[in-house]
Amino acid sequence: MAPKLPASSKGSHRPAKRKAESEPKANRVEPSEEWTGFGGEGEGIEMASDEEETGESAESSDAEEFPEIDPVSSGEGEEEEEEEDTSETGSEEDDDSAKDEEEEDGESGQEEDGVEPPPGDSALMGEGLKWDRKPGSYPNPKVIKSSITGEAKKVYPPIEPEYDSDSSTEDDPNRVGRIPMHWYDDLPHIGYDINGKRILRPAKGDELDKFLAAVEDPTSWMSGFDHTSQKDTQLTEEELDLIRRLQDAEVPDASYNPYEDTVEWFTGEGKQEIMPLTARPEPKSRWQPSKWEKQKILKIVRLIRAGHIVPNKPKAKQPQWYSLWSTEAETSRPPPLVAPKVPLPKHAESYNPPEEYLPDQDEIDKYEDLSDDEKVKKYLPKKYDALRHVPAYEHFIHERQNRLLDLYLAPRIRRVKLHINPDSMLPSLPSPQSLRPFPVFEALKMSGGGGSRARCVSVSPDGVWTVSGDEDGVVRLWETFVGREAARWKLGKRIGAVEWCPRKDVSYFLVGIEDEIFAFMPPYLSPAMESATLDVLVPRNPPPPIGEEGEKPVKWSQESLSFKQSASTFSSPPLVVTLPPTAGLPKQITFHRRGDYFATVSSAEGHNAIWIHQVSKRHSQSPFKKIKGFIQRVLFHPNKPHFFVATQRYVSIYDLSAQKLLKTLYTGSRWVSSMDIHPTGDHLIVGGYDKKLMWFDLDLGNKPYKVLRYHTKAIRSVAFSPNYPLFASSSDDGTIQIFHARVYSDLMTDALIVPLKVLRGHVVTEGLGVMELKWTTGLGTCWLVSAGADGEVRVWCN
């Protein structure tokens, strides 16, 4: 008696039964009576026959049965209706099964274990066949007849994991492979499983959930975030042990013993290597030819003699001439252009032209007197009564010959236009993230509250103090790292420039007002620092004056020693330098790197605009007797006795020791506003009011190496960083541009200039933006201090 068709868990069984009855009996598949699985006996799923199932239906309904799987049924939940129809259709199924067994016994051309499956997809996959499985072995394949090709083929049983196997209970892993998982950041899924279905993104808790999980779960610290599954994964004991070993600087492999006993491979007993007496190679007289190679060579010789192998096969000769215009030439060059067409005839060439085109007798006589080269046209318009009266064109053959000569002697080709992406021509610059540190944000904002423009700013060598001057005559001293105002001096006149002395053994700064320069000391100095500063500014034994006192245009004066250790120490300047009355407002003060010399640039014209002062000798002098143009900026060379003077359009370099002009740099700018020199002394940057920033390599020539245009308004200040390969520029557009400037010691390598950051924060007031900026030098910081027309001093940090 054949077993009944398996029942499904949902739906109605009747549609499946009608479908099975309508199909031919030869295509039906009968499931096996027993499924032993892949293991031994009793490990698989047992499927009962009709008799056993009928008997079990009469038993108590409390007994649970394992549901059978029907590969043909499309629904689920049909088990109850099928059990009710079992008793009614039992006899019909018995007759059908008996007929099926007779038909299967009568089939030929197959092996004993072969079964003809139905032409469905399940039969092609081996489902529904009866498999003889032995304990501990995989069942043998079945040989069936393909419903497509009609030929015999082998069908293997489907692989179904057992309930207690690893693959039956584990989650479907993400099968996207080793790809960047940030590709799925904007998608609701994180990948695909082995069946090609999407794996949805797991829900993530907030910080509170993470905190509760860390408190409630003592093993939460032993988990790590898995980017593939987008969730925390518990680390195994082996992984935790590996992490502990790496933290303790131990060998990661626990089974490795670094203190194993030495194995004597070559020096042990009976392991001494026996070396030959000589290492001379074998002589050629001992060489014997190979018999196999000899037979192979003889075989090849016989094939060559028989003509089966042709060593040098002659190549087919190509014709030496061919039609030039019949076929296109097979070359890599572009094809020739089509020959230009003959221009169409005009009104003058008509056989019946208008009256105004017909020449009179005088024009005909003048035309005939001209030479062939002077004639613009090769013909004269004539009028005919009819087209049949028009004679042949007398210049036809000559013009055709000239046209053919033009095509033959002057061939035309199509020029391939190069389509070049402009971005590909730009040099490849490194990423700004790899060039850190550099200022990226505003850390402090210091404001005096008066609303006056902060005209100038300077930073102490140790980076602790920042001094600023505004147009109301107020000098403010700030703490750079805190932003607190430590002292204030009211001078009553407009301040043009402030500059801190670069010496680290003393601490004072200079302030330039109308025709005067004051030296101030910051408060809260140590006794040793204060004493050293006073010895420089107010020496007990002043140096003797150089030259006659009445001839000096610059006066040096100092206060008495009574202000020392008094409250007036920080209210009055210990040193005052009085400039000539015609000098005007000092708009720049710059120190030599040693701190003994400083130069001032005033708004006056001529040689009185520049003065070089020496603090130790109380001496001032004008380096030039005559100078052309308005002086904008001056600089000292950091290593050489060179002096840079910037006029309106040029920058001149002078040798102070030799007292001569070395070089003149042509900036190309309409009006120079600022300049600064690299700490190495080989490069110079110049800013202009025409929004240009010029980079000069002093070893290359007198023209700019690079011209940068990153500002939209006039550039006010430029400065190199003394500690980092950076420089900055400020402009009236209210922005500060930060650049990376790496200078190489190799003379064959050009400087690398990379724009890094645009700092915005200052408010443009009355058309003016950032007036001046300075880099901090102390404490290893990469900070920038700027003064703006909005009256604020800002500190920018990395």
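At a relative accessibility of 55%, Glu 368 counts as exposed. The structure described here is a predicted model. Glu 368 belongs to helix H8, which spans residues 361-369. Together with Asp 360, Asp 362, Glu 363, Asp 365 and Asp 369, Glu 368 forms a patch of negative charge on the surface.

Salt bridges were examined next. Side chains of opposite charge can pair when their charged atoms come close. In this model, 21 salt bridges are counted. One of them joins Asp 241 to Arg 245, with 3.1 Å between the closest N and O atoms. Asp 241 and Arg 245 are separated by about one helical turn, because they stand 4 residues apart in helix H6 (residues 237-247). Asp 241 is partly exposed at 25% relative accessibility, whereas Arg 245, at 16%, counts as buried. Arg 245 also forms a salt bridge with Glu 250, where the closest N and O atoms are 3.6 Å apart; Glu 250 is partly exposed, with a relative accessible area of 37%.

A further salt bridge links Arg 476 and Asp 470, the closest N and O atoms being 2.8 Å apart. Arg 476 is buried, with a relative accessible area of 9%, and Asp 470 is buried at 7% relative accessibility. Shared partners join Asp 241, Arg 244, Arg 245, Asp 248 and Glu 250 into one network of salt bridges.

In the pair formed by Tyr 508 and Phe 591, the ring centres are 6.4 Å apart and the planes meet at 75°, so the arrangement is edge-to-face. This pair links distant parts of the chain, 83 residues apart: Tyr 508 lies in the loop between strand S12 (497-500) and strand S13 (509-513), and Phe 591 lies in strand S17 (residues 586-591). Tyr 508 is buried at 2% relative accessibility, and Phe 591 is buried at 9%. Elsewhere, ring pairs connect Trp 489, Trp 500, Phe 509, Phe 518 and Phe 520 into a cluster.

Val 601 is located in strand S18 (residues 597-602). Its C-alpha lies 5.2 Å from that of Gln 588, a residue 13 positions away in sequence. Val 482 occupies the loop between strand S10 (474-479) and strand S11 (485-490). Between Val 482 and Met 446, which are 36 residues apart in sequence, the C-alpha to C-alpha distance is 9.6 Å.

Key: Residues numbered from 1 in each chain as written. Predicted model: local features only at pLDDT ≥ 70, side-chain atom pairs only at ≥ 80, totals over all residues. Heavy atoms only, no water. Patch = residues over 30% accessible without salt bridge, like charges linked within 9 Å, V, L, I, M, F, W, Y side chains within 5 Å. Areas by Shrake-Rupley, 256 points an atom, 1.4 Å probe, with all protein chains shown as cover. Salt bridge = Lys/Arg side-chain N within 4 Å of Asp/Glu carboxyl O. Lys, Arg positive; Asp, Glu negative; His and termini not counted. Charge placed at Lys NZ, Arg CZ, Asp CG, Glu CD. Helix = DSSP H or I, 4+ residues; strand = E, 2+ residues; numbered from the N terminus. Buried < 20%, exposed > 50% of the residue type's maximum accessible area, 1.4 Å probe, protein only. Phe/Tyr/Trp six-rings, centres within 6.5 Å; stacked < 30°, edge-to-face > 60°.
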